[in-house]
Amino acid sequence: MALALSPALRAQAFAQGNVLNYTPPRKVVAKPGAAVDSALPLDLRSGYHVNSNMPSDDYLIPLRLTWNPGPLEAAGFSFPKPEMGKYSFSEKPLSVYTGEFQIVTHFKAAANAEPGPKTLTGKLRYQACNSSMCLPPKTLDVSLQVEIVK
Amino acid sequence: MSRIQVAAVSSALLLFLAGCSHPPRDLKTEAQRQNAPNFTLKDADGNPVHLTDYRGKVVLVNFWATWCGPCEVEIPWFVEFEQKYKDQGFAVLGLSMDDDGWKSVRPYIASHKINYRVMIASEVVSQQFGDIEALPTSFVLDRQGRIATNHVGLVDKRDYQNEILKLLEVPKTAAVRDAVVDVGAGPLAGLTGAGVRAGQRP
């Protein structure tokens, strides 16, 4: 028997399901062996925060971006400087992101990358809370259009 | 009545009201209460935890996770409630939503000195309770195993306390014994999620 929560409560719960959205990053053009950066713009729903890539406590789930093997290899990431947010449920400030921010991936094109259009896929894992509750960790599929040129 | 007298009476009234216990949130009426879905989750020792075993008790079913800050605020309250009201027929059941299960939950139970039973909630159990999407989410069950109220998100400790006390006022003997739906032959049949007994058995 499934419990019937009130329609308003259910709608609230479902609406909260995905509070972090990303804008598809701009297409990247790279020569084989070249280094290139790509920014992933993110937009978090007002009132929510996500843990930064380096949360304040071990038990908190960090923001993490990973890219699958492809024509570009992620050589590093630049996360924005986190906010030290103060929340009623935590005695100490938490290292978080809110609102609009972006993660920059520093790629290197494979030396033997074949010229032509490609799609690089990856995953963005995050865990969001507001001042009174938390949502389960979520993983978003992200993609990047890549053009390898000679 | 002089202004001074009015002011004195008003002040006394305000002080009296401020001193009163936090007013209880509205518990559902008897007619509004739905039976809580039963679940069976095994504890770390392999002992099954059936919600139906708690029939006759007031039960707080708390969905939580180790990564949930607001949940961490409530846990000491629940530890206190368990200790304070256990003898009156009250129990807390903690259902963790941690993806990595006991790897995270076991150390947390130890570090937070949790004195009530904790289990790992399965997807099925989460769905049975209305698809738990936000944590903490808690259900307060009356002695008949019916949901008297539920809370999504962090609420005032006094809300819980008042609800528990209100429900404990109903004597065990008055509780209907067969109100909890036993889904042993239903979709939960054979469910064998892992669990640990951090507190006493019912």
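From the N terminus on, the elements of chain A follow the order α-β-β-β-β-β-β-β-β-β-β-β-β, that is, 1 helix and 12 strands. Helices (H or I, at least four residues) and strands (E, at least two) are DSSP runs, numbered from the N terminus. This is a predicted model, in which local features need pLDDT of at least 70 and side-chain atom pairs count only at pLDDT 80 or more, while totals for chains, interfaces and linings use all residues. Residues are numbered from 1 along each chain as its sequence is written, and chains are lettered from A and ligands numbered from 1 in the order in which they are written.

**The two chains**

In chain B the elements run α-β-β-β-β-α-β-α-β-α-β-β-α-β from the N terminus on, with 5 helices and 9 strands. The table lists burial and contact figures for both chains. A residue is buried if 20 or more other C-beta atoms lie within 10 Å of its own, exposed if 12 or fewer, and partly exposed in between, with C-beta atoms placed from the backbone. Two residues are in contact if their C-beta atoms, placed from the backbone, lie within 7 Å.

**Confidence in chain A**

pLDDT is the predictor's confidence in each residue, from 0 to 100. Its mean over chain A is 89, and 89% of the residues of chain A reach 70 or more. Among the elements of this chain, strand β5 (residues 64-67) of chain A has the highest mean pLDDT (98) and helix α1 (residues 7-15) of chain A the lowest (40). Over residues 1-16 of chain A, pLDDT stays under 50, and the model has 23 contacts beyond four places in sequence for this stretch.

**A sheet in chain A**

Four strands of chain A form an open sheet in the order β2-β12-β10-β5, with mixed pairing. Two strands pair if DSSP finds at least two bridges between them. Strands β2 (28-30) and β5 of chain A are at the edges with a single partner strand each, so one side of each has no neighbour in the sheet. Direction ignored, neighbouring strands of this sheet are turned by 30° against each other on average; axes are lines fitted to C-alpha atoms. The pairing of β5(A) and β10(A) is antiparallel, over 4 bridges. A:Arg64 has A:Arg125 in β10(A) as its bridge partner.

Strand β10 (residues 116-126) of chain A also holds A:Thr119. Why does A:Thr119 count as exposed? A:Thr119 counts as exposed because it has 10 C-beta neighbours inside 10 Å. Not counting residues up to four places away in sequence, A:Thr119 touches A:Ser143, A:Gln145 and A:Val146. From A:Thr119 to A:Val19 the C-alpha to C-alpha distance is 25 Å, at 100 residues apart in sequence.

**Nonpolar cores**

A nonpolar core is a set of buried Ala, Val, Leu, Ile, Met, Phe, Trp, Tyr and Cys residues joined through C-beta atoms within 7 Å. The largest core has 66 residues, of which B:Val59, B:Leu60, B:Phe81, B:Leu135, B:Leu141 and B:Ile164 touch the most other members. Strand β4 (residues 58-64) of chain B gives the largest share of this core, 6 residues. Beyond its neighbours within four places in sequence, B:Leu60 contacts B:Phe78, B:Phe81, B:Val92, B:Ser138, B:Val140 and B:Ile164. A second, separate core has 10 residues, including A:Ala109, A:Ala113, A:Leu144 and A:Ile148.

Notes: Axes are lines fitted to C-alpha atoms, for helices over the stretch in contact, and angles run from 0 to 180 degrees between N-to-C directions.
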